[in-house]
Amino acid sequence: MTHDPHQQAQELIACRGDGLTEPQQTWLQAHLASCDSCRDYAEAADQLVRALRSVPITADPALVRTTQLRARLHAHKLQQQQERMWLVWISCAVVTLSTALTTPLLWRGFAWLGEWSRVSTPVWQVGFVIFWIVPALAASVLFAARGTYLGSRNGTPQG
Ligand SMILES: [Zn+2]
């Protein structure tokens with residue numbers, strides 16, 4: 001044999017699974033008993049083989065796929081919920097802000113209209129209330145419809 005003995009030992013370790021002849025096994029045992037680095041190599045090779053053998057049991061491809069899909073769906077659902085919460089918060093902020101900004105203007109506008117058309121104060125005040133309430137009603141109906149739409153879309157994960 002022209003091989004370096006350590007190289008020879010490592011080749012035999014790699015071929016152990018295919019079966020070694022008696023003299024090869026005897027020689028390898030003797031070498032491993034006297035050589036630390038080759039013994040480490042043999043142990044590492046054993047661990048690698050064990051790890052590779054345990055992979056199909058612990059990580060069945062179908063199971064991995066199902067788990068990944070489930071995790072992705074869960075993350076997607078959480079993200080959608082957060083987006084929906086943002087939508088609700090933004091809607092609330094916009095409605096509050098626009099109401100706060102437009103109500104005094106609208107009140108002044110109706111007061112001016114009432115004065116201009118010479119109707120009594122209760123008349124333009126009632127007009128103001130109707131004008132103010134109708135868009136709010138329309139907006140709440142719209143938001144409710146939109147909420148139902150979002151709810152039905154998110155309610156079915158397979159869809
Ligand atoms: Zn060696």
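**Exercise 1.** Leaving aside its neighbours within four places in sequence, which residues is Ile13 in contact with? Then place Ile13 in the nonpolar core.

Solution. The model is predicted. Two residues are in contact if their C-beta atoms lie within 7 Å. With neighbours within four places in sequence left out, the contacts of Ile13 are Tyr41, Ala42 and Ala45. Ala42 also belongs, together with Ile13, to the largest nonpolar core. That core has 5 residues in all: Ala9, Ile13, Leu28, Cys38 and Ala42. Two elements, α1 and α3 (36–58), each give two or more residues to this core. As background, nonpolar side chains in soluble globular proteins tend to be buried together.

**Exercise 2.** Decide whether Cys38 and Arg108 are buried or exposed.

Solution. Start with the cut-offs: a residue is buried if 20 or more other C-beta atoms lie within 10 Å of its own, and exposed if 12 or fewer do. Cys38, in helix α3, has 21 C-beta neighbours inside 10 Å and therefore counts as buried. Arg108, in helix α4 (residues 61–117), has 11 other C-beta atoms within 10 Å, so Arg108 is exposed. For the protein as a whole, buried residues make up 4% of the 159 residues.

**Exercise 3.** Describe how helix α1 packs with helix α2.

Solution. Two packed helices are described by the angle between their axes and the distance between the axes. The axes of α1 (residues 5–14) and α2 (residues 22–34) come within 10 Å and cross at roughly 120°. That angle makes α1 oblique to α2. The crossing of α1 past α2 is left-handed. Next, take the residues: Pro5, Ala9 and Leu12 in α1 meet Gln24, Leu28, His31 and Leu32 in α2. Sorted by class, this contact has 5 nonpolar, 2 polar and no charged residues.

**Exercise 4.** State how many helices and strands the protein has.

Solution. The count is 5 helices and 0 strands, and the order from the N terminus is α-α-α-α-α.

Terms used. Residues numbered from 1 in each chain as written. Predicted model: local features only at pLDDT ≥ 70, side-chain atom pairs only at ≥ 80, totals over all residues. Helix = DSSP H or I, 4+ residues; strand = E, 2+ residues; numbered from the N terminus. Axes fitted to C-alpha atoms, helices over the stretch in contact; angles between N-to-C directions. Parallel < 35°, antiparallel > 145°, perpendicular 65-115°, else oblique. Left-handed = near helix turned anticlockwise from the far one by under 90°. Nonpolar A, V, L, I, M, F, W, Y, C, P; charged D, E, K, R; others polar. Core = buried A, V, L, I, M, F, W, Y, C linked by C-beta atoms within 7 Å.
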